[in-house]
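Subject: Structure for you to look at, with notes

Dear colleague,

Here is the structure I promised to pass on, with the sequence alongside. My notes on what was found in it follow below.

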Amino acid sequence: SSAAVAAIFEGGSIGLLGVAVAILIGETRPQMSKLLGDLGESVDLYIETFSRGELFLTLVVIVVVSQVVKNLLLYACDAAQIGLSYRLRRDLQRRLTNHVMAMSYDDVSKYPAGTLAKYIDQAQVVSETLTQLGHVLRAVMMTLAYGLVMVIMSPSVALATAGIVFLFWLA
């Protein structure tokens, strides 16, 4: 889903910003040969042609572009969710209305005034539930992305953060 890909872009952006800052302050340059093997050696040679400032700016531009792509994906996710929600609501209301219209006068008159209209309007609850489910899914994906980046960058800080979150959850 686009929410999962957006979360990957978000997590990657945070990691790249960390690498960019580490390069700028002179800590280290990325060692791609450790990650990519022979291909990484070629990438390392290419990276060596950049100054620290150029490498920092290149990584920041990549982060900015990935954030734009992430936001476009989230927009697409929202648009799809809204479209699905309204189509589902319209279809449910149509089915319920057709069912009520197919009822005999004797059956309809057994219900108090307005009751059948309330049943038809209940289709909105399904639409709202679907919207909330989309929000929860996106929040879970972003949380997983942030957590993964934290574990990769500093397992001890990630563990401390998880402990603090757990304590707040209990309180």
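In these notes a residue is called buried when its relative accessible area is under 20%, exposed when that area is over 50%, and partly exposed in between, using a 1.4 Å probe and protein chains only. By that definition, buried residues make up 21% of the 171 residues in the protein chain.

Please keep in mind that this is a predicted model, in which local features need pLDDT of at least 70 and side-chain atom pairs count only at pLDDT 80 or more, while totals for chains, interfaces and linings use all residues. Residues are numbered from 1 along each chain as its sequence is written, and side-chain values use heavy atoms, with hydrogens and water left out.

Overall fold

The protein chain holds eight helices and zero strands, where helices (H or I, at least four residues) and strands (E, at least two) are DSSP runs numbered from the N terminus. Taking contact to mean heavy atoms within 4.5 Å, 70% of the contacts in the protein chain with a separation of 6 or more are between residues 24 or more positions apart.

Helix 4 and the cores

Helix 4 (52-102) has 51 residues and reaches 74 Å from its first C-alpha to its last, close to the 75 Å expected at 1.5 Å a residue; the expected span is 1.5 Å times one less than the number of residues. Its buried residues include Leu55, Phe56, Leu59, Lys70, Leu74 and Val100.

A nonpolar core is a set of buried Ala, Val, Leu, Ile, Met, Phe, Trp, Tyr and Cys residues joined through side-chain atoms within 4.5 Å. The largest one has six residues, namely Ala20, Ile23, Ile47, Leu55, Phe56 and Leu59. Helix 1 (2-24) and helix 4 each supply at least two residues of this core, and helix 4 gives the most, with three. Another core, of five residues, lies apart from it, and among its members are Ala6, Leu74, Met142 and Ala145.

Lys70, which is placed in helix 4, is buried, with a relative accessible area of 10%, and, leaving aside its neighbours within four places in sequence, Lys70 is in contact with Ala6, Phe9, Glu10 and Met142. His99, also found in helix 4, is by contrast exposed, at a relative accessible area of 54%; between His99 and Ile120 there are 9.8 Å in space, C-alpha to C-alpha, although they are 21 residues apart in sequence.

The 31 residues of helix 7 should span 45 Å at 1.5 Å a residue, and its end C-alpha atoms, 46 Å apart, agree with that. Buried in helix 7 are Ala123, Ser127, Gly134, Arg138, Met142, Ala145 and Val149. Leu137, also in helix 7, is partly exposed, with a relative accessible area of 40%, and its C-alpha is 8.7 Å from that of Ala4, 133 residues apart in sequence.

Helix 8 (residues 155-170) should span 22 Å with its 16 residues, which agrees with the 23 Å between its end C-alpha atoms. Helix 8 is hardly covered, since the count of buried residues among its 16 residues is one.

How do helix 7 and helix 8 pack? Their axes are 5 Å apart, at an angle of about 135°, where axes are lines fitted to C-alpha atoms, for helices over the stretch in contact, and angles run from 0 to 180 degrees between N-to-C directions. The two helices are therefore oblique to each other, given that angles under 35 degrees count as roughly parallel, over 145 as roughly antiparallel, 65 to 115 as roughly perpendicular and the rest as oblique. In this contact, Met150, Val151 and Met153 of helix 7 meet Pro155, Val157, Ala158 and Thr161 of helix 8.

With best wishes
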